[in-house]
Amino acid sequence: NEGSSLNVPAVMVFLVPFVAWNLGAFQFGRDQTGGAIGQGYGAVRMWSQLQDLFIALERAFFVLDLEPEVKSPDDPEPFPVAVEQLEWRTVDFAYEPSRPVLESLDLVADVGTITAIVGATGSGKSTLMSMLLRLYDPDQGAVLINGIDLKRLSVEDIRANTAIALQKNVLFTGSIADNIGYAIPNIDRDRIVEAAKIACADEFIEALDGGYDTELGERGVKLSTGQRQRLSIARAVVRDTPILILDEPTASLDAVNEQRVLSNLEQWGRQRVVFLITHRLSTIREADTIAFLEEGRIVELGSHDDLMGREDGRYRRFVQAETTGRAEVIRDD
Ligand SMILES: Nc1ncnc2c1ncn2[C@@H]1O[C@H](COP(=O)(O)OP(=O)(O)O)[C@@H](O)[C@H]1O
Ligand SMILES: [Mg+2]
């Protein structure tokens with residue numbers, strides 16, 4: 001069928017810059033720790049597997065000639081000392097010309113706020129976030145930080161100032177502490193513990209025999225999906241960046257833990273801009289702003305109470321469907 005023949009390169013277009021970027025962080029961590037992370041056989045092997053994956057993807061690009069053209073300017077402006085505001089300004093974007101994914105999309109997020117991005121699968125939530133990292137550039141319009149077009153900043157600076165936690169994440173052979181702190185050279189244990197507490201990971205880590213020194217991997221401890229997701233949130237939080245994106249990394253947490261993570265982030269995020277993508281209503285309603293996305297447009301924007309006050313509101317309908325139809329608990333897998 002034609003869908004699958006289109007989707008294979010589609011997936012790779014997204015993966016390549018993402019993998020490249022993660023590999024950068026991984027290599028950086030190894031260099032800075034004098035190879036401590038890479039010493040185990042498992043880590044070395046994973047590293048080479050990742051490289052294999054990367055090479056395979058690069059080759060696919062060569063064949064398909066689809067390489068994204070995201071580059072830093074020759075003379076980038078300095079990254080703002082304090083991030084005050086992020087903005088998507090009348091952004092149009094399509095992966096394939098005939099299928100628009102984002103259409104004249106406007107969104108503003110201020111420092112100190114948590115914005116929940118809500119919408120059906122395929123509505124463009126991850127695409128929207130990937131523009132912030134310059135994995136893709138808008139076809140029309142712009143993404144701006146403090147009014148400066150991202151294209152005028154260095155790609156490295158943007159990514160150094162943005163942390164992201166995804167639903168699926170890569171853990172490597174090494175201790176839990178290494179897995180949380182690998183992106184930061186010579187990081188203090190205190191900072192790792194602090195990030196783990198924000199991510200509600202500290203409690204299960206402390207319950208393990210080796211605590212933060214517990215080895216993960218084939219011969220080490222196996223973690224549940226929810227535990228892995230909490231490590232990936234801690235890994236993002238520990239980077240201490242002014243911009244944090246959580247793209248469904250709470251999908252396997254129960255509703256109570258997801259809410260605890262969010263309320264921790266509210267404290268932590270006072271000087272930051274936080275985006276949270278989740279399907280869980282109990283968490284969404286706590287966000288400062290809800291951006292309700294439908295077919296690549298933000299059709300409603302406001303707090304839970306604002307949006308619930310709209311008689312014929314789309315968000316209100318979504319909430320009613322969620323609470324009357326399937327109980328929320330059913331989604332907590
Ligand atoms: N790399 C890609 N290449 C082509 N199409 C893509 C790619 N990534 C996502 N899409 C398509 O873009 C639309 C939005 O996807 P996405 O941003 O992942 O939505 P969401 O995160 O809301 O589920 C979907 O129709 C999806 O199939
Ligand atoms: Mg997504």
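How many aromatic pairs does the count come to in this structure? The model is a predicted one, in which local features need pLDDT of at least 70 and side-chain atom pairs count only at pLDDT 80 or more, while totals for chains, interfaces and linings use all residues. Residues are numbered from 1 along each chain as its sequence is written, chains are lettered from A and ligands numbered from 1 in the order in which they are written, and side-chain values use heavy atoms, with hydrogens and water left out.

The count comes to seven aromatic pairs, where rings of Phe, Tyr and Trp (its six-membered ring) pair if their centres lie within 6.5 Å, and where planes under 30 degrees apart count as stacked, over 60 as edge-to-face and the rest as tilted. One of these pairs is formed by F292 and F318, which is tilted, with 5.6 Å from centre to centre and 55° between the planes. This pair links distant parts of the chain, since F292 belongs to strand 11 (residues 289-294) and F318 to helix 12 (residues 314-324), 26 residues apart; helices (H or I, at least four residues) and strands (E, at least two) are DSSP runs numbered from the N terminus.

F292 counts as buried, at 6% relative accessibility, whereas F318, at 21%, counts as partly exposed; buried means under 20% relative accessible area, exposed over 50% and partly exposed in between, with a 1.4 Å probe and protein chains only. F318 also pairs with Y315, and because their ring centres are 6.0 Å apart and their planes stand at 40°, this pair is tilted. Both Y315 and F318 lie in helix 12, three residues apart, about one turn of the helix, and Y315 is buried with a relative accessible area of 0%. Elsewhere, F93, Y95 and Y136 form one aromatic cluster.
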